[in-house]
Amino acid sequence: MTRILQSDNLDKCVARWREAGLTVIGPVKNESSSSYAAVEKAAEFDFSLIMPDRSIKELFFPQTEPMLQYTIKKQRIDTSDFTPPPEKRIIFGARPCDASGLAIDDPLFGWDYKDNFWFQRRDTTVIVTIACTKADDFCMCTSLKLVPDSTKGSDVLLRPLQNNKGWQVEELTDRGRDAFNEIADLLQDGSEPAAPTAVVAEKFNLDTCVAWLQKPENFESTFWREISMRCIGCASCTFLCPTCHCFDFQDEGDTYSGIRRKNWDSCSFALFTMHTSGHNPRATQSARWRQRIMHKFNYFPGKFNVNSCSGCGRCSRQCPVDMGITETLQAISTLQP
Amino acid sequence: MAKIGVFICHCGENIGAKIDCNKLAATIGEHPGVAVSVEYKYFCADPGQESIKKAIRDNNLTGVVVAACSPRMHEATFRKACAEAGLNPYMCEIANIREHCSWVHTDPDMATEKAADITRSMIEKVKRNNKLQPIEVPVTRRALVIGGGIAGIQAALDIANAGQEVVLVEREPSLGGHMAQLSETFPTLDCSQCIMTPRMVEAAQHPKIRLLTYAEVVSVDGYIGNFHVKVKMKARYVDMESCTGCGDCITKCPQKKISSEFDCGIGKRTAIYTPFAQSVPNKPVIDKATCTYFKNGKCKVCMRSCQINAINFDMQDEFIELEIGAIVVATGFQVQNNAVYGEYGYGKYPDVITGLQFERLASASGPTFGKILRPSDGKEPKTIVFIQCAGSRDPSKGVRYCSKICCMYTAKHAMLYAHKVHEGKSHIFYMDIRAAGKGYDEFTRRAIEEDEASYVRGRVSKVWPKMSKLMVRGVDTLLGKPVLIAADMVVLATAMVPQPDAKEFAKTIGIAYDEYGFFNEAHLKLRPVESSTAGIFLAGTCQSPKDIPDSVSQASASASKVLALFSKQTLEREPVVASNNEATCAGCWGCVLACPYNAIEKKDILDRSGKLIKRVASVNPGLCQGCGTCVTFCRSNSLDLAGFTEKQIFAEVMGL
Amino acid sequence: MNELFEPEIVAFVCTYCTYAGADLAGTSRLKYAPNVRIVRLPCTGRISPMFILKALQKGADGILISGCHPGDCHFTHGNYHARRRWMVFRALLEFTGIPSERVKYSWISAAEGGKFADLMNSITEDIRKLGPFDQYKALIKETEAPATF
Amino acid sequence: MVIGYKPGTTADRRRPHFIRTPEEADQLVLDSACITNLSGYLVSEGLLSDEKAVAIFLKPDGIRSINILAAEAQLNIDQILILGFDINDNQVTALEGEKVEEFATLIESIKEQAPDALKNPLLEKIEGMTPKERFTFWQKEFSRCIKCYACRQACPMCYCRRCIVDCNQPQWVNTSSHTLGNFEWNIVRAFHLSGRCVGCGNCDRACPVNIPLRLINAKMAQEVLGSFDHFAGMSHTQEPVLASFKKDDSETFIL
């Protein structure tokens, strides 16, 4: 016997959560694009998506975030900090790979300086994940040693029922249990079996790839230029990635006052490493692509003991020239180690 | 850290009565970066200027804003004061709170508020001003005069007589231009040759003038004070050094029926020739196109006739390069081809001729030795019809503009005709008589009253031959009646048009031209002899139709401009010029196209081994006039304009 | 709205014609509305579309761009180039919903002090009728708020 | 080198393909899915620096791009051999010619059809809106922009080594992806493409949040065609529309 949430009750759940002061967020598709967005009614959710175009990252680490305000006076500059709004949220229907991505980035945002913008949002957000029952050609969580029903980073995991009329509920954390206590009366006990999780083929052997990447001589391999020749240097892959986390500070304002903002940045941009002198240590697009792969599978795990990739496949799915991590790691796994 | 001094001027009551200057000074004193903010009755007066200088020294000011009258009024005054106090003069800006504020607004509060905005905006600008230095350009003191007509000769002589070197280039074998073709000149009826020839000789013999005839300018690079000019010396096939100008070769040349350009086709010349008897230099050239030897490979009669072996059929075109500081363009005009008027029968009936052909007939040194004779049968015409505006002021077939000289020379033709053929009758069809000029209207009156020219106000619709006569049908619009005249000769007052290759030539030397091909002056009223390119000046009819006095005046004006330029070793210019960031320039050349001054060049960036890395735009500060059109075009924001930089304007807007 | 709305207008003008025209309006002591702030440039050819966007960011309700009449440009061609750019940029602004009534263009010569004064009054009246550019100001406000979802 | 297409991750995807060896030619495909305009690769860093000839598969839009890039001195047409093709009703047809000049008649006929071809129901719908509605429409579209600059990177015309948005002294275009910054970026990009966009759709397809960028570019193409009779990419010597002028250009909007 497991606890079941019926699809028909979801709208009531949404209403209940909203009454309790939570912003309810989930996968939403409009005419042209999909993302995790706030809803008022359950009908706005679209669970048929493999995953939204845009990752869950932006809910915790927005594209642009005001950090502080300043005013310039005759003799001095006054500043006042922005704090992230104390908003309580529940994300219903996150994908396991997106939730994993948040867990991957937690150590990054906390290792030396605790980034309050990130952690306050993490602390006040309940993540309800739905296990995947379908996958597309770009999904690759299994290659990253994750699974389509991974619990990593989730507060509650839901498994779709075979009859497609609801979900089995598995509460994972206290935060998850608290949120579901609000709707306890809307859950039932049941024995309806869960639908089988999606079969995601393993596309490459991660260990082989990592071994190759860790060999210093491969840093200068001609492989990098060959694999990235068609890269046009846009930042789609990094901006859609649930784990890419680079940012830049920018002051915006006039003579009298302004705002310092934290904006997404990307290692794909030529400007990313450009020195004031004009020298660019990553002068070519292949050096930038190498950096992205090395960072995710060599440097980041070297520091935090986890790969900076959750296998969502958005980098390949949305690439204008059909590149991506999958192709690169597949190619590496065929090379002599 | 910026330390800006702000000096708010009351201008007596002019500003002070409307704007609360005390309040303004206090408000501005709170602005970031302002070290001094004071008001005073008259900052432009000596005590005012002294107080600014003192404030600069006492406070080590990095910039100054004077909130006062228009910068067009006193910018120079205050910049000079700053310089005297040791501050770079370009670190001073003017906030215009008089013309743009106190004088034009009624509400004192709103005016004060606006004045504060204007001042703040200038403070933000001046914080980003750069310490500019006037641009010094070295000057090569040698002028090039292109065209050896009266305008070119005048300009060359004026410059040379002032002691500066001149290179005078003429593409025909002789100096003279159109003026040498004329018979007598209005309004004095003095003989053109008589006043022209001495000028030609003077130019040729002047120790400061290097004369290059039968030569063409093929390229001009560089900029004011520093032009590099390439001149093609066309092969004359006659050695200029040894030829004595005896003329034996001309006499012996078997080709005697070549239509003479100088005589406008009315006379003939030989294949080895001088254009006219008084040519300067008076040494012949061989016309390759008509020479028997060049056509058939046999002849060389001239060579055998030459006692001193001056003739050399193997001569080649040569190119010489010149370093030039200033250029006077005096390339003259052409007459329009009147074949466009089929109804007048020019080119079809031999006795329909142009005004210039009539000049040759009337010229004492012309093919008829000054007798007016019909080209068809050599008889003296008893009735001549002159048609004015045959091309001018006619948008449908000719040109829209007035050729300016035709009214006068037609009156002159009628007079000369009356003096030479006493019983002759002349009829002149005209649209208006334009006789503005010293002695001009008196001159046309004389043609009508003393020499009995019959002026008919109206146009001619058709000319056709009947027996030995030319029937001319026109209309007298004053009488409202058709007119039919049986004439012996018809003379067309043909439009003056630019040289056929004028537009191409303008591109070669880098100056602007109008829709017709006349060269454009920098400003029609205030800079009428300067071209749009610094260091290139215009003289004579290459700029617009003109008579001789006007051409000569303009030539002298150009010469004075050249001499002013040559009065110093170097030339100082306002440093408001564009510059390019070569690192970010993409080399798309949009700026090159957009620049009105051809001031942007293409520059190769090479690596250490000399291999081309990329080509970028490079602004020549000598040519740049500082309009900033290129800056706005530049998509990568690589170009910028000193004095009005992107940073400055951004800050001005953000400071409002 | 009882109090009269005072629009903020920024003008970008060339120094040879329109700036001088404004000077003439001053020396002629003509009176006009005080809402326009002038930014002086050497030539209309120097006036970049960026200036318009930045003036909007600063909260301008209206913008004026003005220079020499065709054929009168001190730099011979600057205003011809400018005219093309404006034509294109104007269409672009119009298409993205920044109404052309708020971004105006004029030729004012150094002799047209009267035209300058009249235009200052008419443009101020026109923009006053349109009201503040609330739509654009909402974008500016958005930049000042913390990120929420 | 030959630049063409090869199969992509899924059946409907094609990847740009660089062929330098006979073996690499085996993967070459050409079918109705080959819609990317590849001409941008001709100006990417280092790819053509060896100055050897390059053959490239191009549709008519790509051929026009070559003309613009040549007119703006970004490439040498003698170095480029065009393998022209077109797609009509999912059928690929070969185009006659190798050198860019040989396609002049073809481009001329495209220009003649342009007034109709540039029409678009959504574009007309937007034009029919009030300015307020238009602003709201674009505000909604631009609010999604994440400033990844995929539109710029995918565009063959965006070859600047430093984009104006990357210029921070001064920062004309706000880099933050708040709606104001997104408005500025998209307006400036459209302005820079005015008279230069060939409508290949690379930007539109690259946009990860599906902003209908092609609409703005098509609108600007209509504008320069109507006002200045300028059609981008007519020849490799065509003058850029915003670096040239006519004395009688329209000025009805100027007071």
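Visitor: How many residues of chain B are in contact with chain A?

Guide: Eight residues of chain B are in contact with six residues of chain A. On the chain B side that touches chain A, four residues are nonpolar, two polar and two charged. The model is predicted: local features need pLDDT of at least 70, side-chain atom pairs count only at pLDDT 80 or more, and totals for chains, interfaces and linings use all residues. Residues are numbered from 1 along each chain as its sequence is written, while chains are lettered from A and ligands numbered from 1 in the order in which they are written.

Visitor: What makes two residues count as in contact?

Guide: Their C-beta atoms, placed from the backbone, must lie within 7 Å. For the classes, Ala, Val, Leu, Ile, Met, Phe, Trp, Tyr, Cys and Pro are nonpolar, Asp, Glu, Lys and Arg charged, and the others, Gly among them, polar.

Visitor: Why is E452(B) called partly exposed?

Guide: E452(B) has 13 other C-beta atoms within 10 Å. Buried requires 20 or more, exposed 12 or fewer, and partly exposed is in between, with C-beta atoms placed from the backbone. E452(B) is therefore partly exposed. This residue lies in the loop between α14 (440-449) and β23 of chain B.

Visitor: What makes β21 and β27 of chain B a pair?

Guide: Strand β21 (residues 383-390) and strand β27 (residues 489-494) of chain B are joined in the parallel sense over five bridges. I387(B) stands opposite L492(B) in β27(B). Strands (E, at least two residues) and helices (H or I, at least four) are DSSP runs, numbered from the N terminus.

Visitor: Which strands of chain B are called edge strands?

Guide: β20 (352-354) and β23 (454-457) of chain B, as each pairs on one side only. The open sheet holds five strands in the order β20-β27-β21-β22-β23, with parallel pairing.

Visitor: How is chain A divided?

Guide: Chain A has domain 1 (2-190) and domain 2 (206-333), with bounds from an automatic or database domain assignment. Their centres, taken over C-alpha atoms, are 25 Å apart. The contact takes 34 residues from domain 1 of chain A and 30 residues from domain 2 of chain A.

Visitor: Which element gives the most to the side of domain 1 of chain A that touches domain 2 of chain A?

Guide: β4(A), with nine residues. That side of domain 1 of chain A divides into 18 nonpolar, eight polar and eight charged residues.

How values were computed:
Two strands pair if DSSP finds at least two bridges between them.
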